[in-house]
There are 2 protein chains.
Amino acid sequence: MRQVAILGIGQTVVGEHWDRSLREIGGQAALAALQDAGLDHVQALYVGNMLSPLVSGQNQLGAFFGDWIGIWHKEAVKLEAACGSGAAAFRAALMAVASGDVDTALALGVEKMTDKAGHDVTAALATAADADYEVEQGVSFVGLNALIMQRYMHEYGWKHGDFAAFSINAHANAVHNPFARLREKITLERFEKSAMIATPINLLDASPIGDGAAAAVLVPADKVKSAPGKPRILVSASAAMTDTMAVHSRKDPLFLTAAHDSARRCYEMAGVTPDEIDVFELHDAFSIMSALSLEACGFAERGQGVRLGLEDAITIHGRIPICTRGGLKARGHPVGATGMYQIVEVAQQLRGEAGRTQVQGAAVGMTQNIGGSGASILTHILTTK
Amino acid sequence: MRQVAILGIGQTVVGEHWDRSLREIGGQAALAALQDAGLDHVQALYVGNMLSPLVSGQNQLGAFFGDWIGIWHKEAVKLEAACGSGAAAFRAALMAVASGDVDTALALGVEKMTDKAGHDVTAALATAADADYEVEQGVSFVGLNALIMQRYMHEYGWKHGDFAAFSINAHANAVHNPFARLREKITLERFEKSAMIATPINLLDASPIGDGAAAAVLVPADKVKSAPGKPRILVSASAAMTDTMAVHSRKDPLFLTAAHDSARRCYEMAGVTPDEIDVFELHDAFSIMSALSLEACGFAERGQGVRLGLEDAITIHGRIPICTRGGLKARGHPVGATGMYQIVEVAQQLRGEAGRTQVQGAAVGMTQNIGGSGASILTHILTTK
């Protein structure tokens, strides 16, 4: 298959956009990406979204956004993999260009979660879990993650405060990201005093939802030249893997098998090792997920992901910078859009456009987007080579 | 890209399956397709579904069905394009194999519409239309199609009874399809006496919804050999096109531009003309859509699609047999599954497995799956060559 490059990126501020609809938010990010790419149209559009049928009463987002941004009589379709929907759209666009089917594709992740026409958002989010065997028991997503975190602390002997570094790092970086939802630093003291949501997860372990959209334009790599100050961003690896829907079906609820397998496949495809990853935008929906992702992807031994936070290895100056633009925790988690924010943010890092949170010399970046409690995981590696 | 063949097909009876869940219906079709293919696993799974978030409270159907049929640690994702979701899943599976990314892919279309946990089904179906500019005005899908049919009758001078042949043909064929929902013949008299739903659409102009699932296994064509009585089924063409979401945005509401463009592209890819199509499974959600599809795809002049019914050209012995297994009208319309039923039915025809409704010597078949009121249209051509 052909090598593919990212020609343009775009995003909206994550937040409660009471004044803007699903259509307007997604359109803004899509048009920003097209403008950044210097194009006025593409041959195919792939939309990642989880909640619009439930929250906005709207399906068929492929044609919906094609219509809104003026791309008619093209291929346009929606992909859904719960909170992994954004990366699923990116992967579909990647495959369309890599296979030679089209020469230009737009991947758009979009979610409108406030000003809902329909469902309660917590109930809508629960549709990512197993309706018959998890949700029916009354468990919510924060509840599932709380059970995992409790078990992790029990098995490996960590205290709740040991997880604080993940949230502190994310908030510190979000201060410098104009597209982030929570642009304020937090302290260890504030973390520890924060309200308990579902023991042991407190408010500052959990990422905030929000409205948001992020997009990227993909083209064959040979159509793009590196320009001074704007290196060519190559998509060097892509892998999607699933696990059981229900956490209780897994042999080991503390190991993200689909994260491990998809990362392993990406390392092979890109020809890199974990040591060579300069920046890693992981799926920190809850602080426990940061630890589990770092372990599954080979950055820490089992049960030792938390230590990377305590040793400052995850900051922009550390060994494996994560959440460099705020992560889900502080940039915000507009669920079906999150995977595309991760792509856009790593592209910013590789272009050297990350401002005060720039990882110096970043040339190899990884994203990992998780749907459900680890049931759908998509990993990508971007490089400037 | 590589040539791709259909190695296995499977389907469930369309109906009100009060005793079987979303999981069980989809799993039955998927496992039937795997069994027909002689495989016990695939490398990737693509699920087409429209309503499960609303009706079953379930998202993330890729991982969900992967888990249920025992395909873990593989790629699995859901595609949604309203009632075009089934063909969207088929096209994604096709691209995955054609591009060389995987050697085996399963496409599954599935819809559970009865025994709903959540929304009213008519309201859920309306999410395929434009929520802000169509649904907000109170229009339903039957309402939109009624406006189109009324305009068509006004423009071209047809009477309501002139459309009866479409429904009579579909019902006559469904009698012989054990997977069809309405296995009973209807007469012109019964058609004309049928209850009016939304003038001029009466009950027998409209397709019945239902629970159902259909699936196909795709592999590289060079891995398949034709066997006596079981010819190799090649996917010779695939195209997806969009139009405006809202019917009122179109220059001409009586012409399905995306049907025309996708069919035209498929004819070019497959190197065939409309005259060479032996069987055409079109999207007869309402009888007016049969006429519009036949016209857009080159089988009739503008305004003359109805004439094909009146002249018996659409029966299994006619010039362009349609709805040979009952169509949406009588096989039933489990919305997100319908596109996969069309694929399975054309494959049956090309294999010579269509029993009493076999089109003699069928070697080239076409499917056309429509999402919304023509906003997302996917066309495929299958051949035995």
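Why do the end C-alpha atoms of helix α13 (residues 338–351) of chain B lie 20 Å apart? This is a predicted model, in which local features need pLDDT of at least 70 and side-chain atom pairs count only at pLDDT 80 or more, while totals for chains, interfaces and linings use all residues. Residues are numbered from 1 along each chain as its sequence is written, chains are lettered from A in the order in which they are written, and side-chain values use heavy atoms, with hydrogens and water left out.

Helices here are DSSP runs (H or I, at least four residues), numbered from the N terminus. Because the expected span is 1.5 Å times one less than the number of residues, the 14 residues of α13(B) should span 20 Å, which agrees with the separation of the helix ends. This helix is mostly covered, with 14 of its 14 residues buried (under 20% relative accessible area, 1.4 Å probe, protein chains only). Just after α13(B), Gly352(B) takes a positive phi of about 80 degrees.

In chain A, helix α6 (residues 141–156) packs against helix α10 (residues 287–296) at an angle of about 60 degrees, with the axes 9 Å apart; axes are lines fitted to C-alpha atoms over the stretch in contact, and angles run from 0 to 180 degrees between N-to-C directions. The contact (heavy atoms within 4.5 Å) involves residues including Ile148(A) and Tyr152(A) of α6(A) and Leu292(A) and Glu295(A) of α10(A).

Finally, a rotation of 180 degrees with 0.0 Å of shift along its axis superposes chain B on chain A, with an RMSD of 0.0 Å, by least squares on the C-alpha atoms of residues with pLDDT of at least 70 in both. The two copies are therefore related as by a two-fold rotation axis.

Key:
Helices (H or I, at least four residues) and strands (E, at least two) are DSSP runs, numbered from the N terminus. Buried means under 20% relative accessible area, exposed over 50%, partly exposed in between (1.4 Å probe, protein chains only).
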